[in-house]
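Please keep the sequence and the model open while reading.

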Amino acid sequence: MTGMLLKDWYCLWDMLKRTVLLLGVLYPFLAIATNMPYLALMMPFLLAYYSLSSIAMDDKCQWFRYARTLPVPVQAQVGAKYLIVVTSSGIGLVWCLVTGGLHVLVKPHTVDWVGDYLLSGIVCCGTALLVMAVLLPVAFKKGVEKARNWMIVLWLALFGGFYLLAKLVPAVLGGIGGVILVAGALWGSYRASCKIYAGKEL
């Protein structure tokens, strides 16, 4: 799996490094300059979303045909994609929290780091992972373009769901339920993707 993971990292970094670095500087700057933390909160989702490009690159060069000749099980090949998504979203969350720290230092008393960045960032990261749990099997089955068509609808539906959850369920129970939901969704999505990938015709 390590080889698959490194292959995806190198390809994604080579293709997207300018875009990611630009957004990684621009969005935090705008979040601090305009006192709009939601711009930084987009980082977990954006980085997770960009990781879908690794599947698009594999499809373009018919990587799965070559991968069948390698002594690497399907579970490792698919698992690398999920690790990329989780790691990318985690990096986005850290980026968001660092932005929040800078925001508090540069403009004290204008934002609440815990509420505006930490808690909101965790919710955005969890939402991004739930969206990707749905999109990854679709991307393996139908291609990345089809998966991207689902993105906006899923994003709005999940944000609406989390909003209702926050209104109806105590925060502690909602947090525990959210972790269980994300973990369960990713596990189920991974199992489905493994079956889809293994069933691809050569």
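The second largest pocket is lined by Trp9, Leu12, Trp13, Leu16, Lys17, Val20, Leu47, Tyr50, Ser51, Ser88, Ile91 and Trp95. A pocket here is an open set of points on a 1 Å grid over the protein atoms alone, with protein on both sides within 12 Å along at least five of seven lines, and lining residues have an atom within 4 Å of a point. The model is predicted, so local features need pLDDT of at least 70 and side-chain atom pairs pLDDT 80 or more, while totals for chains, interfaces and linings use all residues. Residues are numbered from 1 along each chain as its sequence is written, and side-chain values use heavy atoms, without hydrogens and water.

**Second largest pocket**
- The second largest pocket holds about 210 Å³ of space, a volume being the space filled by probe spheres set on grid points joined across faces, edges and corners.
- Helices α1 (2-33), α3 and α6 (74-106) each give at least two residues to this lining; helices are DSSP runs of H or I with at least four residues, numbered from the N terminus.
- α1 provides the largest share, six residues.
- By class, the lining has nine nonpolar, two polar and one charged residue (nonpolar: Ala, Val, Leu, Ile, Met, Phe, Trp, Tyr, Cys and Pro; charged: Asp, Glu, Lys and Arg; polar: the others, Gly among them).

**Largest cavity**
- One cavity of 30 Å³ or more is found in the whole structure; a cavity is a set of points where a 1.4 Å probe fits but cannot get out.
- The largest cavity has a volume of about 110 Å³.
- It is lined by 13 residues, of which Asp58, Trp63, Lys81, Phe140 and Tyr197 are the closest to its centre.
- α1, α4, α5 (63-67) and α6 each contribute two or more residues to the cavity lining.
- Six nonpolar, one polar and six charged residues make up that lining.

**Contact of α1 with α4**
- α1 and α4 (residues 53-60) pack with axes 10 Å apart at about 100°; axes are lines fitted to C-alpha atoms over the stretch in contact, and angles run from 0 to 180 degrees between N-to-C directions.
- α1 is therefore roughly perpendicular to α4 (65 to 115 degrees).
- Lys7, Asp8, Cys11, Leu12, Met15 and Leu16 of α1 meet Ser53, Ser54, Met57 and Asp58 of α4, contact meaning heavy atoms within 4.5 Å.

**Contact of α3 with α7**
- The axes of α3 (residues 43-50) and α7 (residues 113-142) come within 8 Å and cross at roughly 25°, so the two helices are roughly parallel (under 35 degrees).
- This contact has eight nonpolar, no polar and no charged residues.

How values were computed: Parallel < 35°, antiparallel > 145°, perpendicular 65-115°, else oblique.
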